[in-house]
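This report describes the architecture of a protein model, taking its chains in turn. The sequence and structure are shown first, followed by the description.

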Amino acid sequence: MRKMIIVALSMGSIITMIISAYYIINMYSDHSILYLDPDETDYNKYRIVLISDQLGSASWNELVHGAKFIAENNNTDLNIWGTYRTNQSEIIKQIEIAIASKVDGILVQGINHPDFIEVVNQASIKGIPVITIASDAPSSLRRSYVGVDHYQEGVKIAEYIQKTIESPVNVCFLAGEDFINLQEMRQRGVMDTLNTNEEIKIANPNVFNDTLKSAFQESISLLNENPNCKHIVALNANGASQIVKTIKTRSRIENYKIYAFDDNSEIKELLKDGVIQATIEHHPKEIGVKSMVMMLKWLEGREIPLEKYYYTPSKVITETDL
Amino acid sequence: MNSIQRKIILLSLFIWMLMLGIWLFMSYHNQKTIEQYNQILQRYLLMNQVSNLSENLIATLHEYILEISDEQLASYENQKLELQTISVQLNSLRNSDNYMNLINYENMIKSQVESTELALVSFQNDRYEQAASHLDQATKISDYIAEMTLTILDRELKTYHQFYRSIIQQSTNLEKMGFWILLMASFLLLLFSYLFAGSITRPILKLTLAVKEISRGKFDRQINIKSNDEIGFLANVFERMRIDIKKLIGEMKEKVKIERDLNKHKLLLKESELKSLQSQINPHFLFNTLNTISKKAYLEEAYETSDLITSVSNLLRYNLRQMGKTVTILEEMKGVQEYLAIQKVRFFDRVQYDIDIDGKCFSFEIPSLTIQPFVENAFIHAIEPSEEGGEIHIKIKDQPEHVLICIEDKGKGMSQEKVNAILKGEASNHYEGHSTGIGTSNVITRLRLHFGIHDVIQISSVPEKGTKITLQLPKRSKNINE
């Protein structure tokens, strides 16, 4: 009896001891615990903010990737700010925040709008260089523009249209409400090229004269107003995917020839399916790299003033290129 | 030797240490967790404070512009200073994830302060338009600061997500650990208490059993308890006591036996008294008659007869006195002499005797009728059967410790068996013919009882040479008789 009690108690002690030890060891070996000690990282030389309204899109990610690569190799901190959908006032607000934060440089997608121009000018007055990327606001005090020459894009698409048509055609433009400046430049590029051709007639050359609505509404009114126009140039990415959807709801998509300027995954898919005839291939990574390099050149004073424009290469791609 | 106390104190100490250890361990960990929580809270509070201060600064400036009081200005200056101090403190929140945001944050605070300063200066220089625009700017920045605070807090939550999770995990771990450690402590305590209590109570139990055994009167089982505390000591003492009791009981039994013997011999004494009473036919009449006969014989000039009768009378008187009382040797010896005188008349020349008494022994007290039976015995066995008679020597010697009484005859002696029988008191039926009716065995027993020792008599007898009886009586009696 006595022995049994002692054995039972000893067993209990040993088992509980082992379990306790397990917990204690567990506790001390928990390396996932971070301590909230102040980080002693050295400040990097420059703090640069990159503001975009297309966070999360594939081409933008590539751009950011390129910019980050340069930043990391040059002891520069790069902050990515922005919105997920185009929102002009939000972008202006973020530029204001960047100014208040006294960053060393701002990379921003340009919007040709007085408010945007004003805030960019304000930054320049406070000594913060602004470089517009991907799209421009040429009348602002931005230091430089890095991105595709949108006029040339238009020219290239127009040349492709000229090359591929067999009989006289009507060409019409579809524009969306965003980045009108960019779309205008593309349209100008197309028009300037096509005007020399007798066989091609532009159906709606004054697309920007009216106030622009959303791509969906624009596409409906375009189809309603120009029933004979079978060649449609979608001036922005939104427009390209929207026109395809709208056509599909009312007639056979094969009857239409659609041209685009962007190379996001949706458009590439449509290109592959033969719905879209041609688009322009961009190199967003190069935009990111180049813009950062130019910003650093400016900050280090190696190149003053900067070139007003730095164009990255672009080329027409068709179904066969994929 | 206070080892039970020591054991209990040791156990208590052990419990105390164990509990203290567990308590310290748990408190240490709790403290650590609390510190971590505090740290987190501190961060959040600091950021919240920045946001509040920035808002208040604008509000105060507004109030100043509306009221223009020195008090407001001072309060504005105060708040500005506070905001600047706190923006320096923000450095302590820095980590690799948020440091850029923090720099932005600090710069925004600076921008705000600059704007408010500009607004103030413009206002004081009466450039109200400019002041308003600067104030608007400052308000905007203050909004941005509030927003940035949220962003940083959000970032904070993301960065330390793992950390917070691990804190929660750790606190649940701590809880479980506490439970198990408590369980372990309980088991350990039970085990140790059991062992300790056992080491104390087991010897007690054994002792109890031993005591029960003894109380049932079984003294033979040895008490064997190996314990170094008081119980061990008790057991040892008890063991000694057991041995003592066993010995004492043995002695008591012997004593009882002796007492029984005594009673038996008291009965014998009574019997002899009865016998003497039976022969006591009105002693006064007998003495008077004997005295009358003695006087008559004296008047008839038969002097010897007269003396003889007087001797008989004295002897009778002596013999009839109360038995059981002590007498001095002198009194006893007078009786013996009367007896010898009578016997001298009877045996005439056939008997020779001499008495040699150390005068120091006269007052030594002995039971009455102790020497005479031996003398009578000598007559009966040594003188009467022999035609040519014999000799009797009586010697009483004083020794430092003892009084020696020797009665020696030159008779035919006795065999060793008979000597042994006498010493054992078995020859008690041989007292026929004794004048007192008291045999030697009666005397020996009475002597033994009176003096409380066994060795009161030595009998050395050589056949055909004689018998020597030596009574060795101690001067200081142990007196087991009353």
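In residues 177–197 of chain B, the end C-alpha atoms lie 29 Å apart, and the span is 100% helix and 0% strand. The model is a predicted one. Residues 7–26 of chain B are likewise 100% helix and 0% strand, with end C-alpha atoms 28 Å apart. An unreviewed UniProt entry assigns the feature "transmembrane region" to residues 7–26 and 177–197 of chain B.

## HAMP annotation and domains of chain B

According to UniProt, in an unreviewed entry, residues 198–250 of chain B carry the annotation "domain: HAMP". In the model, the chain over residues 198–250 of chain B is 74% helix and 0% strand, and the end C-alpha atoms of this stretch are 37 Å apart.

The domain assignment divides chain B into domain 1 (3–159) and domain 2 (321–474). Taken over C-alpha atoms, the centres of domain 1 and domain 2 of chain B are separated by 130 Å.

## Domains of chain A

For chain A, the assignment gives domain 1, made up of residues 46–148 + 284–312, and domain 2, made up of residues 150–281. The centres of these two domains of chain A, taken over C-alpha atoms, are 29 Å apart. The contact between them involves 13 residues of domain 1 of chain A and six residues of domain 2 of chain A.

## The parallel sheet of chain A

One open sheet of chain A contains six strands in the order β2-β1-β3-β4-β5-β11, and its pairing is parallel. The edges are formed by β2 (76–82) and β11 (309–312) of chain A; each has a single partner strand, so one side of each is left without a neighbour in the sheet. On average, and with direction ignored, neighbouring strands of this sheet are turned by 20° against each other.

Within this sheet, strand β1 (residues 46–52) of chain A runs parallel to strand β3 (residues 105–109) of chain A, and four bridges join the two. A:I51 stands opposite A:V108 in β3(A). Helix α2 (residues 58–73) of chain A lies across β1, β2, β3 and β4 (130–133) of chain A, and runs at about 160° to β2(A).

## Packing of helices α3 and α4 in chain A

Helix α3 (residues 88–100) of chain A packs with helix α4 (residues 114–125) of chain A at an angle of about 10°, the axes being 10 Å apart. Because angles under 35 degrees count as roughly parallel, α3(A) is described as roughly parallel to α4(A).

On the α3(A) side, the contact is made by A:Q88, A:I91, A:I92, A:I95, A:E96 and A:I99. On the α4(A) side, the residues are A:D115, A:F116, A:V119, A:Q122 and A:A123. Classified by residue type, the contact of α3(A) with α4(A) has seven nonpolar, two polar and two charged residues.

## The mixed sheet of chain A

Another open sheet of six strands in chain A has the order β7-β6-β8-β9-β10-β12, with mixed pairing. Its edge strands are β7 (200–202) and β12 (315–318) of chain A, each of which pairs on one side only. Neighbouring strands of this sheet are turned by 25° against each other on average, direction ignored.

Strand β9 (residues 257–259) of chain A and strand β10 (residues 276–281) of chain A run parallel and are joined by two bridges. A:Y259 stands opposite A:A278 in β10(A).

Notes. Residues numbered from 1 in each chain as written. Chains lettered and ligands numbered in written order. Predicted model: local features only at pLDDT ≥ 70, side-chain atom pairs only at ≥ 80, totals over all residues. Heavy atoms only, no water. Pairing = 2+ DSSP bridges. Axes fitted to C-alpha atoms, helices over the stretch in contact; angles between N-to-C directions. Domains from an automatic or database assignment. Parallel < 35°, antiparallel > 145°, perpendicular 65-115°, else oblique. Contact = heavy atoms within 4.5 Å. Nonpolar A, V, L, I, M, F, W, Y, C, P; charged D, E, K, R; others polar. UniProt positions renumbered as here; feature names shortened; annotations may be inferred.
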